[in-house]
Amino acid sequence: MRIVLDAMGGDHAPGEILKGAVDAVTTFWPNLKILAVGNAQLLEETARQLSLDLRNIEIINATQVIDMCDEPAKAIRQKKDSSMVVALRILAEGKADAMVSAGSTGALHVGTSLLVRTVPGVKRPALATVIPGKSPFLLLDCGANVECRPAMLEAFGVMGSVYMQQVMGIQSPRVALVNNGAEESKGTPTYVQAHQLLKANPHLNFVGNLEPRDIPEGLADVVVADGFTGNVILKLTEGLARYFGGKLKGLFTQGLLGNLAYLLVKRGVSDFKKGMDADEYGGAPFLGAARPVIKAHGSAKARAIHQAIGQAIRCVEQDLCGMMAEQLSRQEEEA
């Protein structure tokens, strides 16, 4: 299996990206080869400085980098020799099975749509991410498509259901629509129509509307929203996790009694922190892309890159894109 890696994308590139790649090769060797795209001289020098063994990692030179502040569409058009665009072309040409990048989300979304394309029945891929909760759930869209039509929200439900079934191993995933009330009549006209489409879809285990306060309670495996709403939910969840993590740490650093109490609950706290760590679930796939594209967090370090590569491998092994295309095609024929 060949995974192409945007080695220049992200806040900690290229060092942490390469370390994550080496860890992934060590885990999945000998069945994995990584194509690391970026400034070849810099990547080789970084590997020497960090004493990294680049076995099964091929470096492919790219002279440009798409920065986070670049306008996405303009960057994809003008920076044709950037690490992201070169990696996307490699994927589109079938020279790799999947791609991982921690670079600009907007540019990766545009580049995926224009170069890799989408499966039939999907106009624009949706950014999806697994979020910790009472049980992990998939939230989509997380920011790729700010405004959505009802049919797009229905497609998100289908794609999310396939992902949770094929990659996360959940049979008959429960699908819910984010809304400001449980009643079918709640929300904007778009959400009212989307509710009816999701409810009528025989391929979905649709459980109805879900209010934001109930999202962490494990009432759904797939949570559907437009990109604006989904991004707000994602960032609020990340902020609350940091806040409560900090408060919890403060409780156990207040003198001797706090330290003693921490020793008693250390294992439970460790399990809690691990369960709330999004890095455990890899990156965010662009569901609907013709080939697997995984977006790692911009601040991703080696472990997150390692997990994202593992996630890309699972997407390929389970033929995620093919399964989505088949499900959407069957749905269109029955409509």
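Tutor: Contact, the term we need to begin with, means heavy atoms within 4.5 Å. This is a predicted model, in which local features need pLDDT of at least 70 and side-chain atom pairs count only at pLDDT 80 or more, whereas totals for chains, interfaces and linings use all residues. Residues are numbered from 1 along each chain as its sequence is written, and side-chain values use heavy atoms, with hydrogens and water left out.

Ala289 is found in the loop between E10 and E11, where E marks a strand of at least two residues and H a helix of at least four (H or I), both taken as DSSP runs and numbered from the N terminus. With a relative accessible area of 2%, Ala289 is buried; the word buried stands for under 20%, exposed for over 50%, and partly exposed for what lies in between, using a 1.4 Å probe and protein chains only. The C-alpha atoms of Ala289 and His109 are separated by 9.5 Å, although the two residues are 180 residues apart along the chain.

An open sheet of eleven strands has mixed pairing and runs in the order E3-E2-E1-E4-E11-E10-E5-E6-E9-E7-E8; two strands count as paired if DSSP finds at least two bridges between them. Strand E3 (57-61) and E8 stand at the edges with a single partner strand each, and so one side of each has no neighbour in the sheet. On average, neighbouring strands of this sheet are turned by 25° against each other, direction ignored; for such angles, axes are lines fitted to C-alpha atoms, for helices over the stretch in contact, and values run from 0 to 180 degrees between N-to-C directions.

Within the sheet, strand E1 (residues 2-6) pairs in the parallel sense with strand E2 (residues 33-38) over five bridges, and here Asp6 stands opposite Val37 in E2. Helix H10 (residues 302-317) packs on the sheet and touches E1, E2, strand E4 (98-101), strand E10 (284-287) and strand E11 (293-295), its direction making about 160° with that of E4.

Now follow the sheet to E7, at residues 174-178, a strand that is mostly covered, since four of its five residues are buried. E7 pairs with strand E8 (residues 205-210) in the parallel sense over five bridges, with Leu210 in E8 as the bridge partner of Val178. E7 also pairs in the parallel sense with strand E9 (residues 222-224), over three bridges, and there Val222 is the bridge partner of Val175. Together, E7, helix H7 (residues 189-200) and E8 make a right-handed β-α-β unit; right-handed means that, with the strands pointing away from the viewer, the path from the first strand over the helix to the second runs clockwise.

This region also holds a salt bridge, a term for a side-chain nitrogen of Lys or Arg within 4 Å of a carboxyl oxygen of Asp or Glu. Arg174 forms one with Asp221, the closest N and O atoms being 3.1 Å apart. Arg174 lies in strand E7 and Asp221 in the loop between E8 and E9, so the pair ties together parts that are 47 residues apart in sequence. At 26% relative accessibility Arg174 is partly exposed, whereas Asp221, at 7%, is buried.

Glu217 is partly exposed at 41%, while Lys134 is exposed at 66%.
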